[in-house]
Amino acid sequence: MDIYNFDHELRHVILQYLEIIEVRMKSIFAYEFTKIHGSTGYLNAAFFTDKVKHREIISKANQQKVQRLSHEAYLRHFVNDLQQDIPLWAYVDLFTISDISFMYSISEHPIRDAIAHTFGLTMNKGSFILGSYMHSMTIIRNLCAHGGRLYNRLFEQKPSLNKKEKELLRKNSNGEIDNSHFYGFLLIMKRILPVDKFHEMKESIMTLNKKYPFVRMDYYGFRDDWQQRL
């Protein structure tokens with residue numbers, strides 16, 4: 001029961017901070033994209049590298065728009081009152097974290113670079129790295145939102161970590177680093193969350209650790225010294 005309750009509460013903590021990442025990505029994407037292509041340029045498939053994927057995402061979002069129109073004031077304002085296309089900074093509310101991740105990945109290179117820089121990823125291939133990070137966040141978000149356990153789950157799609165981050169991973173009995181558990185995804189969240197928000201999340205996990213001392217953190221990929229090193 002301790003393991004079940006710990007995992008349940010941990011997933012809710014992680015979801016809280018994944019929401020911050022999702023909202024931040026939507027806000028930055030809308031800002032950088034509209035600077036170049038205007039408030040409704042997102043509707044033009046020519047501004048994206050994958051027109052089929054673009055059409056798929058917009059179609060899905062438009063279905064959400066129809067379903068939510070009756071109880072969302074901002075949608076009624078644009079659709080009924082103004083009778084105009086919804087500007088991107090409002091339209092992003094219709095995207096899931098997976099949608100915004102794909103919209104980012106199929107955007108033009110200068111836009112992706114600008115967004116990656118805002119997230120502090122200024123190195124070469126920073127835009128590619130952010131795309132990989134967002135894909136990892138989508139995996140974790142879907143697990144947490146649908147009650148999938150994190151405890152001792154081995155991930156086939158391992159998070160992309162740099163050399164410094166890999167040094168923070170625990171080692172298996174054979175000496176190989178363990179990048180198959182949840183801890184690697186937590187290291188990604190450290191990269192893209194504001195510092196104060198990551199500190200809050202870490203404190204929440206430490207509180208859970210004290211509340212459920214029976215639960216072994218190494219089953220999530222945590223090192224024994226994770227509280228000092230993370």
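## Burial and overall make-up

A residue counts as buried when its relative accessible area is under 20%. In this structure, which is a predicted model, 45% of the 230 residues of the chain count as buried by that cut-off. The accessible surface of the chain comes to about 12,100 Å², and carbon and sulfur atoms account for 51% of that surface.

The secondary structure of the chain consists of 11 helices and 0 strands, so that the order of elements, read from the N terminus on, is α-α-α-α-α-α-α-α-α-α-α. Taken along the principal axes, the box filled by the C-alpha atoms of the chain is roughly 60 × 40 × 30 Å. Among the contacts in the chain with a separation of 6 or more, 69% come from residues 24 or more positions apart.

## Helices H1 and H10

Two packed helices are described by the angle between their axes and by the distance between those axes. Helix H1, residues 2-37, and helix H10, residues 195-211, have axes that come within 10 Å and cross at roughly 175°. Because angles over 145 degrees count as roughly antiparallel, this crossing makes H1 roughly antiparallel to H10.

On the side of H1, the residues in this contact are Phe6, Glu9, Leu10, Val13, Ile14, Tyr17 and Ile20, and in H10 they meet Lys197, Glu200, Met201, Ser204, Ile205, Leu208, Asn209 and Lys211. Sorted by class, the contact of H1 with H10 has 9 nonpolar, 2 polar and 4 charged residues.

Note on methods. Residues are numbered from 1 along each chain as its sequence is written. This is a predicted model: local features need pLDDT of at least 70, side-chain atom pairs count only at pLDDT 80 or more; totals for chains, interfaces and linings use all residues. Side-chain values use heavy atoms; hydrogens and water are left out. Axes are lines fitted to C-alpha atoms, for helices over the stretch in contact, and angles run from 0 to 180 degrees between N-to-C directions. Helices (H or I, at least four residues) and strands (E, at least two) are DSSP runs, numbered from the N terminus. Angles under 35 degrees count as roughly parallel, over 145 as roughly antiparallel, 65 to 115 as roughly perpendicular and the rest as oblique. Contact means heavy atoms within 4.5 Å. Ala, Val, Leu, Ile, Met, Phe, Trp, Tyr, Cys and Pro count as nonpolar, Asp, Glu, Lys and Arg as charged, and the others, Gly among them, as polar. Buried means under 20% relative accessible area, exposed over 50%, partly exposed in between (1.4 Å probe, protein chains only). Accessible areas come from the Shrake-Rupley method with a 1.4 Å probe; for residues, only the protein chains shown count as cover.
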